[in-house]
Amino acid sequence: MKNKLNCTQQVLAWAGGLIVFNVIYLAFRLWFAYFLIGVLVNFILIVILADQGAKLVPTHRRHTYERALAVLFPVLLLLGWEATVNAGILNPRWFPPPSKILSALWDITISYDKFNKTSLLGRPWLIPEVYANKGFEGVKALFEESHLWATLYRVFVGFIIGSVPGILLGVVMGMSRAVRAMLDSILSAVYVLPKIAIFPIMMLVFADPFGEGPKIAVIAISAFFLVTINTMAGVAGVDPVYLEAGRNYGANPWQMFRHVIIPGALPVIFSGLRLALGTALIVVVAIEFVRARKGIGFLTLYYWEVMVPEKMYAGLVLVMLLGVILTAGLQWFESLVMPWQRGRSTNN
Amino acid sequence: MTKKIVAENVCKMFTSTNGPIYAVKDFNLTVDEGRFVSIVGPSGCGKSTFLRMLAGLIRPSSGKIVITPGADPHKPLNNVVFQEYAIFPWKTVLDNVAFGLQMRGVPLKERKAIALDWIERVGLAKFANYYPHQISGGMKQRVSIARALANDPEVLLMDEPLGALDAQTRNILQEQLLKIWEETRKTVIYITHSIEEAVLLSDQVILMTAHPGTYKTSFDITIPRPRDLKTTGTPEFAALSYAIWESLRSEVVAAMEAQS
């Protein structure tokens, strides 16, 4: 009981320190001169407070407490951002407040850019009307004006075109030491090459240098190498005892492949796919910065060119959302393909 | 009695920097049909290597191994129960047990019925649709045993199947093995380093020497069946176990000295 009292006192002391520090900082207008020091001290005090506060929470509530921290701290950060901008400490030209970014996001979602002839989602609310007047062609045109659709299409098609052959080659390399010896050095050499660097070559190779071909090709190639290397490692790393069991129970080469090698390698293949998806997102934004008339990357860079920072930030939020949604989709697919992995991480 | 397994002058040689090393040398073995034979020896004496040669997983350097096929040519010659279970984590208990049948092209309905029967016989009826990571080590090994028995091989090869289990789980599985074997009377080669386990389960216990691994001597276990854990309390059991230990002790000491 006495111990608990001490803890309470300590937490109150730290909280008091936090308040006193901020009052002094505000009263003496120190935020303008020593902004980073203010942020750092606040951060340290909040960290200590959260850590000490955990001791007051009963064990069975710990989980809830951690959940609350996980939600509250980011919210606090956003509020702090908003407040510092409104107080004139941060320049809104470079750091527009979150509320403005949110409204900018809403703005680009519902508006149509007449200059670029684009919109974010392709104005889906127009679909019924356009379909009635111009039929299927009209709906297609709506899709073609969409930034989100353009980026999604490039990532998705590039990812599939790169991953499927990557898995096939990776399996062959994993199973045959000869093929592995033959290709390993080439693969490692190309692996370290930043894939965006081959974009100019792809623009030469394809008939339409400014079309979708070179963009999708670069995304496909960057996915291909990651997936190949991971698949190879996964296949080569299947525990030999499973191969022996497969052989001893009479599996022919195809059955071996289907029932032992592929399922055994799947976890590593999927970690390759996750990496490839992340890389595909990086590459697609980079390509859209360099040469595109549509896409989230283009959108972000365009609002830099016309100097609308909150819309630039909205572009970043969109890329993040895209990453989260695509990763979740891949995870869903993973649990569909590998039912035996479900709930495994929580059990172990 | 037909001779089910004949091994003649089987050698397995590995090359090392100090010249060739014999893991198994001039090993001879004849096992009649329907006998439960254990091979006991100090660790590193090549007993697992010999079993893997019987299973066809590795080739002997010289000598010959013959397993006589039965009347049904579709039946597999041997199946192994591995020490590390080697049941597939990506298949349910049911699919694991049905694996051998599936590889042989037995239709789904039939193989499912056979597999379910064996799952029930090893006491896992409730767990048929579980994945291996959801069940305990002792249950995994029962799945592995059921997988071998469901495939109905001519010869069952067991490589220290209970070696990784705790003593109590091991006792339960020994009793289950006894019961199942006494019902099926399959030809079994059983590798173990536990003398008591060998005496309890077997009709014959073969001792191996270490470095090189070869045949030393053999004991017939005439304790009447059916046996269970109570058998381990009989004077007969104690006398046999001790006699085997007497014979094995010098080999274990030699093996320890060779390693140090």
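Predicted model: local features only at pLDDT ≥ 70, side-chain atom pairs only at ≥ 80, totals over all residues.
**Entry 1: cysteines**

Residues are numbered from 1 along each chain as its sequence is written, chains are lettered from A and ligands numbered from 1 in the order in which they are written, and side-chain values use heavy atoms, with hydrogens and water left out.

Next I looked up their exposure. Buried means under 20% relative accessible area, exposed means over 50%, and partly exposed is in between (1.4 Å probe, protein chains only). B:Cys11 is buried at 6%. B:Cys45 is buried too, at 1%.

**Entry 2: chain B as a whole**

I counted elements next. Helices (H or I, at least four residues) and strands (E, at least two) are DSSP runs, numbered from the N terminus. Chain B has 8 helices and 9 strands.

Then I checked its overall form. The radius of gyration is taken over C-alpha atoms, and the globule rule is 2.2 Å times the number of residues to the power 0.38. For 260 residues the rule puts a compact globule near 18 Å, and chain B agrees with its 18 Å. Its C-alpha atoms fill a box of roughly 50 × 45 × 40 Å along the principal axes. Buried residues make up 52% of the chain.

Contact means heavy atoms within 4.5 Å. I took the contacts in chain B between residues at least 6 apart in sequence, and 72% of them join residues at least 24 apart. I also looked up surface, with accessible areas from the Shrake-Rupley method (1.4 Å probe; for residues, only the protein chains shown count as cover). Chain B exposes about 11600 Å², and carbon and sulfur atoms supply 52% of that.

**Entry 3: strands of chain B**

Strands of a sheet pair through backbone hydrogen bonds, either parallel or antiparallel. My working rule was that two strands pair if DSSP finds at least two bridges between them.

In what order do the 6 strands of the open sheet in chain B lie? I read β5-β6-β7-β3-β8-β9, with mixed pairing. The edges are β5 (78-81) and β9 (214-220) of chain B, each pairing on one side only. From one strand to the next, the twist averages 20 degrees. Axes here are lines fitted to C-alpha atoms, for helices over the stretch in contact, and angles run from 0 to 180 degrees between N-to-C directions.

Inside that order I picked out β6 (155-159) and β7 (187-192) of chain B, which pair in the parallel sense over 5 bridges. B:Met158 stands opposite B:Tyr190 in β7(B). Helix α8 (235-259) of chain B lies across β3 (36-40), β8 (204-209) and β9, and runs at about 170 degrees to β9(B).

I also noted a hairpin: β1(B) and β2(B), with 2 residues between them. β1 (3-16) and β2 (19-32) of chain B pair in the antiparallel sense over 10 bridges. B:Thr15 stands opposite B:Pro20 in β2(B).

B:Asp26 is partly exposed at 38% relative accessibility.

The peptide bond from B:Arg225 to B:Pro226 is cis, with omega near 0 degrees. B:Pro226 lies in the loop between β9 and α8 of chain B.

In chain A, A:Met307 has a positive phi of about 60 degrees and is not a glycine. It sits in the loop between α14 (296-305) and α15 (309-337) of chain A. A:Met307 is partly exposed, at 43%.

**Entry 4: chain A as a whole**

The globule rule gives a radius of gyration near 20 Å for 348 residues, but chain A has 27 Å. Its C-alpha trace spans about 75 × 65 × 45 Å along the principal axes. Buried residues make up 38% of the 348. Of the contacts in chain A with a separation of 6 or more, 67% are between residues 24 or more positions apart. Chain A exposes about 20200 Å², with 71% from carbon and sulfur atoms.
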